[in-house]
Each structure stands twice: as C-alpha cells, then as structure tokens.
Amino acid sequence: MLVWSRSGRFLVWTVAALLIGVVFLAPLAVILAASFAAQWNGALPSGFTLEHYRAAGTGASGDAVFASLATGVAASVLALLSGTWAALALRAQGPAWSRTLGILFFVPSAVPSVSVGLGLLVAFSQRPLLLNGTTAIVILAHFVLISAFSFGNVSAGLARLPPDFEEVASCLGARPAYRLAKVTLPLIAPYVVAAFGLSFALSMGELGATVMVYPPGWVTLPVAIFGLTDRGDVFSGAALTMILVGVTLTLLIGLERLPIAAAGRRG
Amino acid sequence: MTAAALGDGRTATQDLVRAGAASTVGFDKVSVAYRGAVVLKPLTLEVAAGEILAMIGPSGSGKTTALRAVAGFVRPVSGRIRVGGTDVTDLPPYERGLAMVVQNYALFPHMRVADNVAFGLRARGAARTLIESRVDDALGVVGMRTFRKRYPRELSGGQQQRVAIARALAVRPRVLLLDEPLSALDAQIRRSMVEEIARLHADLPDLTILYVTHDQSEALTLADRIAILKDGALCAVGRTADLYRRPPNRFAAEFLGRANLLPVVIEDDRSVGGMVAVRAGADRLLVAGDGAPAGTRRLLCVRPQHLTLTAELGYSNRIGGRLRQVHWQGELTHLVAEVGDSLVRIVATRLPALPERGGAVDMFFAPGDASLIPEEAGV
C-alpha cells in the first residue's frame, strides 16, 4: 500500500474520482444526454426523445453501423492473422533480427492516420493496384493502422510463454503445425483475444485514414458521426456515437470473457 | 499392448508409438556452442540400453545442454548423436522417438490429466483404442488413474510430476530424458519420488533413462552409472558405486559425496594386499595404492561417514587433529576437524557424548574406505 494513512487514502481516492469523472465520464455523459435530447438550449437538455436512435437504426445510419462492424471484423481478423504469423516467425529468428523487424511492424502506428490514408490513396490509384473507391481500401487502411497492436499483443504473449511447453510437445512427437494448434495458440489465447479486441476497438473508432479513402456507400460510423456533427446535427451524431460505444463495448466485454474462461483452466 | 493394436496405415512416426525396445544413446565428440561460446566441449559417452545414466555437475557444467542435444533442442556444432544405433543429429525432435520430463513438468494447463497423457499418442496419430489403453496403463503405472479428469492446477507438485512421467511413458519412448525432474519439489516429496522412479525403472527395466540433476543423492540412488561434468567437459564417468568409492579426480571426489581430501606422500610403495603406506603430516596410514612410486604426492580421499572418533575393529588408520565445529542434527552429528592446513569433515551417527570444540581429536578409518587420487589442479 503506497498511502498508509486514512486521510491520505481518502485524498488519493478523491483526486482519482475527480480525474476519472472529468476526463472520462463527463464527455460521455454529455454525449449520452445529447443523444436523448429533443432540445438543448441551456445548461441541460430540455426534452427527451428516442427519435435519434430510431433514425440511427434505419437508412444511412444503419448502413454505417454495418460498414463499421464489417470493416472492424475484417481488418481485425486480417491484422490478427498477420500479426500472429509475424510474431511467431520473428520469434524463430535471432533476437537482433526479431527486434529490428518488430520495430518495422510498428512504423504505421507512428504515422498520422490521415497520412496513411493519403499514402494508400496515392499508392492504389493506378492499375494494376487500383483499389481507390473500393471497400477493400478502407479495410486495408484499417489493417495497416491496427496490425502493429495485434503483433505487439501476440508477441507479448509468446515472450511470456515458457519454452518448456513447446519443447516437451515436440519431444513427444508433435509436428510444428500440431504443436501450434494444440499447445502454442491455446496457451497464448488470452493475448490473441486481447489483440483482436484492441484491433477491433481501434478500427471502430478510426476516422483519419477512413475519411481519405472511403468510397460512396461504405461510410463507417466515425465518418457518419463526423458528417452529422459537421452539418450541425449534433443529437443524431451523439446517438450514433452511443451506438458505436455500445457495439464496441459489447464485443470487448464478450471477448474479455473468453480469456477468462481459458485462464480458469490454467494452473 | 502389442503392435497389432495399432490402426491400419501406420506412418513412420506412428511406428514410434510401438517402439519401446531398449535403445542405446551415443555421444560421438558432441560439441555445442551458443554464439561462439562453447558450452559443451567434445563429449564422447555411451549409454547402454536399459541403463539409467545420471549426468551431474554444477550450474553451467553442460549437463542440460547435453540432454537438450539428445532431445534435438540444440544443434551440435560438431559430433554426432545416436539413439539406438541411428544417427539422430539431423532429425527434428518430433522424429526422434524420445520423451522428456522437465523441471516444472510443463503439463499443458488447458488439458485434463488424461488429455495430457494422451498428447504424444494423438500427435503421432495413434488409434483411439490404443490411446485409451495406453493412457490407462501409463496413469496406472504412476498411480494416477483416479485423477484423469482433473486439470494440472488441481494437482499437487508430486502428482503433477507423476502425470508428467505418465505422459512421457505413454508414447513408449526409446529413451526417457529427465531434466532435473524433482528439483521443484520439497525435500520430503523429492525423497519419495526418487523411490518411485527407482520402482518405475524396476518395473520397466528396458527403459533407457538419461537423468540430469545437480542433486548427487538422486544420482546415487537412481543411476547405474554417473557422468560428472564440469565447465562443459566430462570430468568423470563410471558405475555409481565405483565412482563414489574410487573417484578418479579431485572434482569428482568433492562433487559426489563431498569427500575429505588430505595431501599425502607415498612413503612405501611396496604393496601389501594392495595397500601402500602414505604419510599425512605426522600420521602414517595404510591405503589402497594406485601404482605410483614412493615419494609421489597424492590426495587421500576419505568420506565423512567413513571416519569415526573411536578405534573400532578394522579402523586401523588414525589421523590426529583439532576439533573446530560440532553440529548436532538429531540422528546425525556433523563435526569439522583441522588436520594440518586441511579441514576434515566427519559425520557421526552415534556419539556417547558431544566432544568439546577446540580439543584434540583422533579420527579412525579402515584402509579399504580410502583411496588415492592425483593432486593435479583443475579437475
């Protein structure tokens, strides 16, 4: 215990509560209130309506929910596959190679997302790599931006995995593919699931690169929210934001239960 | 279980499942290096079929590296490794037909006990009926049948160790590799597990076992032969009792049983019944000769428990010293005496009364309980 005295602990808890309340909860509370507001002319909203949510469930807003979910799942699955593959491959290399190539994997996450979008737009606007105006370039942009996080999570899981498990499996006759499927992946499952969750959450909230590359008919939630608020429809934007938060949180909580179940069987 | 129990269409790997015949292990000048640093100097050693060979040595001696080279986890920079007469140096671990038990057991935490034991057989594509039968047999051998549905986290350390052994035995390995399998257990359970492994080998006399440990008592209890390694090199190898009674060098004497070593000079090399006279300070002693001529300097090796404080029948050699330490430990009393510039340890099982520290003490031992070893430095 870092703070021993009762008054000291009270002070620390108060500061923490204030910080969490002001920095995290207050903005969300304002958006939540706005999403149900019929009007907001004073300090507080002056009417309650579900109209913004009703509108969000239909038409363009409904399409945005689907586009975001589809993009998030596709990009996260791709990022997870490539990140896991890269982490496994780099682990087999020497530490120097592993470190160098590992840093390369993180380069896209250090570049502004708008620049990533711009780069993809330029790179894939000519045949034979013409992806401009397709859904694929949105998924590709998300994949580029989130793959580093998948790689990082899986690498961390592999680094914490004692070599004994795989060595014993190998000695018992397990070929590499069998060993990977039955031993390695189950043992790092919590990290794999966390990697997917983080990638999905990042993809769901991605705006910078998406606004540069999204084609007509594939408007993601953040782009739709940006468009609505840009046009002054703050309440509809707030409703879509809450839907985005709800969908993302639901999936993350669901994913969180998977590693807990796996860990429950561990020693 | 017979080979007929295997399903049809066996592959070469599946054939390993039925392999259970005793296999030899051969190291032919095997050397291992990590990034240029040699951790195992050229090692030449043969392990007979059905034998337990214990490899012991301090940390960094290369014993685990030698074992890992047999398993295929490290690749020798030179030399060849043979298992059952087959050169396995270039084979991956999963094609060597071995099994291994490691220090922390490495039971797969997401699998139940039965699935852990079945792992190797499933990996080799064995038939379901064979797997069920083998799992049952292996768990029966280690007395863990009733635990088959448990997860490893629901077992004690000793039980996990038994499951790890069952998992290794289930594949009928050509050679069982044990890498400090008991070092994670507390002393009491370790003692009982040593006895269990000894019983296991008595039940499976064809099983060749390479046993790596830093615990000399495990090696002395279990091994048919012991190989002592130091600084990546083989320092001594021999049958357990021989190595204990007649250590070939200083390191072997001190590491295996913590022998007392006293500098002596051969006074009379005329052997009488194999015994020669040596002088240790003022004392003249009779010990088994090693063929060296009179005047040669040697180290007299005598075990702490072979020394007594009373002249008993046959204990004709006497060394005089001064008692420095007395540690009563219940059934044993450890004493340390100063003899010239050397310290001599005595382990007494019965003493009528505890001797006084600082007093003169006479220590007696039988000529047959001592040996002479070269005085060279290094080993």
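Biologist: How far apart are the end C-alpha atoms of residues 25–256 of chain B, and how much of that span is helix and strand?
Modeller: The end C-alpha atoms of that stretch are 23 Å apart, and the chain there is 36% helix and 27% strand, where helices (H or I, at least four residues) and strands (E, at least two) are DSSP runs, numbered from the N terminus. This is a predicted model, in which local features need pLDDT of at least 70 and side-chain atom pairs count only at pLDDT 80 or more, while totals for chains, interfaces and linings use all residues. Residues are numbered from 1 along each chain as its sequence is written, chains are lettered from A and ligands numbered from 1 in the order in which they are written, and side-chain values use heavy atoms, with hydrogens and water left out.

Biologist: What does UniProt list for residues 25–256 of chain B?
Modeller: The unreviewed UniProt entry places the feature "domain: ABC transporter" there, although such annotations may be inferred rather than shown by experiment.

Biologist: And which feature does UniProt list for residues 65–253 of chain A?
Modeller: For that span UniProt, again in an unreviewed entry, lists "domain: ABC transmembrane type-1"; the span is 80% helix and 2% strand, with its end C-alpha atoms 19 Å apart.

Biologist: Is B:C301 buried or exposed?
Modeller: B:C301 is buried, at 3% relative accessibility, and B:C235 is buried too, with a relative accessible area of 12%. Buried means under 20% relative accessible area, exposed over 50%, and partly exposed in between, with a 1.4 Å probe and protein chains only.

Biologist: Now α4(B): which residues are buried there?
Modeller: They are B:L130, B:I131, B:R134, B:V135, B:A138 and B:L139. Those residues cover an arc of only 150° around the axis, which puts them on the same side of α4(B); the arc is that of the directions from the helix axis to the C-beta atoms.

Biologist: What comes just after α4(B)?
Modeller: B:G143 follows, taking a positive phi of about 70°.

Biologist: Last one, what is B:L210 in contact with?
Modeller: Leaving aside its neighbours within four places in sequence, B:L210 is in contact with several residues, including B:V25, B:F27, B:M55 and B:V175, contact meaning heavy atoms within 4.5 Å.
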